[in-house]
Structures are given as structure tokens and as C-alpha cells.
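Below are my notes on the model, as numbered points. Please read them beside the coordinates.

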Amino acid sequence: MPEAFQYTLPELTDQPDIVRIKLCRPGEPLIPLSSSRLEIITHAMEHPEIPIEQFSQPSTDRKIAIEAGRLLHLAVELIDINSSVQPAQTHEVAQLHHHNLVKLAARMAPTEKKQPVRLALALLDDSQLAHPNLHSARDIFAPAHKSIAMNIAARVVHHARENSPFTVNLPLPETEIGEENDDFALEWDKRNMDQTIFNAVALLMDQRQSQTIVSSDYGPGGSLSEPRLNTLLFRDRTSFSAAPDNLVKVNMPDNERFVKITDYKTGRKFFPITEAGQIAMKASLHLLAQMGLALPDKIKPAGTSIKVKVGDIRVIKPHDHVEIKHIILSEPPQIINPLEELKIDLHDPRQASRLDSDFADLINTIRHDERLKPLLEKRKLLRK
């Protein structure tokens, strides 16, 4: 099949003028990738002896990990929203908290649909969760803010336990009459998952007290909770998506930009040891950093993913700074810096160029491996 080319505008590349770029073969379908999907795919590549269906089947362990992650994500999202709507004064705190919450909740989570925003309003619209948010008195109010955060986490867990999967136990297809069904709530309690979530939230709040840049200092627009980001890697015919749990972007003087990304991970600390797994994770982190920097300064609530222009893996500018932290939901919870762990220098042009080439080869391998096709189908994989 002949090669294909297209002309690309200068703003999409590092070139000063319109350039002709080589594409993959004409008619190649656009494949959807994300960091979690890549993790599962590369794990499947490492274990050809395991039937591919097992990598997308929801076992009890995986169901619990997914639900724990979902609840932790929701709790932190609501904590961030609540922190950002706190009034910066000491009078009429309850009334101002309610006013700010109703006015700004959707703007704080611009890619959320209406139902999660309504849930946020229902769980947060309470004077018990209102407290002055004074920068000059942060140390004084830190214990109160932590107490409020733990209150919010408890509300999230309580609400979840009144709904599926805690209250609905559908029989498994192979269950015979008289056998007990798999009891999700019972297994959840055996593992003390409520307390694990509370411990992770407590760790997060302790860690935030030592930060110089926090979400509440910058208000709406400076901090986003659970933003869904999407970009097109046009050369590789790939759609890459990411949903960091919290993203703070600050434009500093002299065109200096600072992006801080925090993700909350279920299960153990994980770093791949195979070449494919390393390439996938490094590429995911590099693209996430670029997507954070590419976000527009003003984002209107729309309930859909935010489209950003990235195009490929490239070095970030010297005056741009990206910090990525992972909060690992384990016993005990821990905080790690994946860029340091994987020795990623976002400002190194040779490292970025080599990673871009390696990632393109990995995508090409995934695209043409028939065994992996089921893992590329949308909605086939459960979020970790």
C-alpha cells in the first residue's frame, strides 16, 4: 500500500512554516488509548499464555479496587470543590459557602455531567462544611479543613453504601440454586476498605498542609477536579485520553507556567519492568504533562472531554514546570513522584525524541497484533 502524506499547520509542530508529514497507511482506524488501557495492554503482551478475555473480566478483587478508586476520586473531587468555594472572610460564612457552591460547582468540574454535579451539591450544601479560607491563617484553620475533608469522605462512603454494587447482588451465571451469591459488601468489609479510603484522605490532607501552591489559592479556573482530557496523535492515528484526579495550572510572571497533577491509584505501587511497559508509562506521563500545559486558561462547563493540541511527544520549554504525584491507596497509603521513579526529564530533547519514536513503534505493534484487538474496543476495559 502506498505511503500517505498531509500538510500540517506550523502551530501543530516545531517548524516555522507549513510542512508535509508522513502518515501511517491510509484507512488505518483511529485507536483509543489511555494510561490505564496501555497498562493492561502491555501486561497482556507480557503474558501471552493468559487468555485475553481475562484482562477485561471484572473479578471480585478488581471490582473492589475499582470501587475504592472511584470513591476516593469522588471524595477528593468534592474536597477540592468545597475548598475552592470557601469564603475568604469570617462573617456570613455559611451563606457565602452556599452561594459560592451553587454558582461555582459546575465550573470547578467542567467535564462532569449533570448528575455528578447534582450529587456534589447535595453532599456539600451543608453549613457544617463551611469554614473561612484565609491564606494568612492557613496553619490555624488546617485542622478544621482536615476535619471537614474527613466529613466529606464519610458522606461519600455512606452514600455509596446505599447504592449498587453494595445493595445489589446479581447471581453469577454459574451459581446453582442454594449457593450463596458473591457478596460485594461483605468482601468490602472484610478488607476494611472504608478505613483505607479514610486513611488515604488523611494522608492527602497532611501532605497538602506543606504545599506552597494549593487549589484554593487560585479559585475557579486555577484548579480542576477530574478533568477529562483528549488529544489526537495524528501521525499514529491514535486518540489519547487522560483524566487526572486533580490539576492545578498557574500562569506566573514572564510567561512561566506551573502545572501540578495529582492522581490517586488503587492497589500497590506499580512500575513496569518490561521495555513495552516502561515505554507506555513514560509516554503516558509525558503526554499528560503536555496536555496539562496545553489547557486553555478559561474552560466552560460542558460535560464533555476537553480537546487539547499535543500531536506527539515533545520536550517542554525551560520556563514550564510540571509536577506529578501519585497517592497510592494501600496500607499504609504513600505518595510517590513517578517522574523521579522512572528518571523522566521533561526538558531533555533527546529523551523526548527517543521516547516519541519508541512509543510510535509500540503503537504500531499494538495496532497489528490480532490478539490485542479485544482490548482496543471502547468500554471493554474497567477503569482501575
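1. His286 lies in helix α8, helices being DSSP runs of H or I with at least four residues and strands runs of E with at least two, both numbered from the N terminus. His286 counts as buried because its relative accessibility is 1%; buried means under 20% relative accessible area, exposed over 50%, and partly exposed in between, with a 1.4 Å probe and protein chains only. Beyond its neighbours within four places in sequence, His286 is in contact with Ile313, Arg314, Val315, Ile344, Leu346, Ala352 and Leu355, where contact means heavy atoms within 4.5 Å.

2. On provenance: this is a predicted model, in which local features need pLDDT of at least 70, side-chain atom pairs count only at pLDDT 80 or more, and totals for chains, interfaces and linings use all residues. Residues are numbered from 1 along each chain as its sequence is written, and side-chain values use heavy atoms, with hydrogens and water left out.

3. The open sheet has 4 strands in the order β3-β6-β5-β9, with mixed pairing; two strands pair if DSSP finds at least two bridges between them. Its edge strands, each pairing on one side only, are β3 (31-34) and β9 (306-307). Strands β3 and β6 (residues 238-242) run parallel and are joined by 4 bridges. Opposite Pro32 stands Ser239 in β6.

4. Two helices pack on this sheet. Helix α8 (residues 275-294) touches β5 (229-233) and β6, and its direction makes about 75° with that of β6. Helix α10 (residues 349-367) touches β3, β5 and β6, and its direction makes about 125° with that of β3. For these angles, axes are lines fitted to C-alpha atoms, for helices over the stretch in contact, and the values run from 0 to 180 degrees between N-to-C directions.

5. Which residues of α10 are buried? They are Ala352, Leu355, Asp356, Phe359, Ala360, Leu362, Ile363, Ile366 and Arg367. Seen down the axis of α10, the buried residues fall within an arc of 165°, so they line one face of the helix; the arc is that of the directions from the helix axis to the C-beta atoms. Their cover includes β3, α1 (35-46), β5, β6 and α8. Exposed residues Arg350 and Arg354 sit on the face turned away from the buried side of α10.

6. The 19 residues of α10 reach 27 Å from the first C-alpha to the last, close to the 27 Å expected at 1.5 Å a residue; the expected span is 1.5 Å times one less than the number of residues. The N-terminal end of α10 is capped by Asp348, with a side-chain oxygen 3.0 Å from the backbone nitrogen of Arg350.

7. Some backbone values deserve a check. The peptide bond from Ser164 to Pro165 is cis, with omega near 5°, and Pro165 lies in the loop between α5 (138-160) and α6 (184-190). Arg237, in the loop between β5 and β6, is a non-glycine residue with positive phi, near 50°; at 32% relative accessibility it counts as partly exposed. Lys343, in the loop between α9 (338-341) and α10, also has a positive phi, near 55°, and counts as exposed at 68% relative accessibility.

8. Helix α7 (residues 193-208) is mostly covered, with 12 of its 16 residues buried. Among them are Met193, Ile197, Phe198, Val201, Leu204 and Met205. Helix α7 reaches 23 Å from its first C-alpha to its last, close to the 22 Å expected.

Methods
A polar contact is a pair of N or O atoms within 3.5 Å; within protein, one must be able to donate a hydrogen and the other to accept it, and residues adjacent in sequence count only if both atoms are side-chain atoms.
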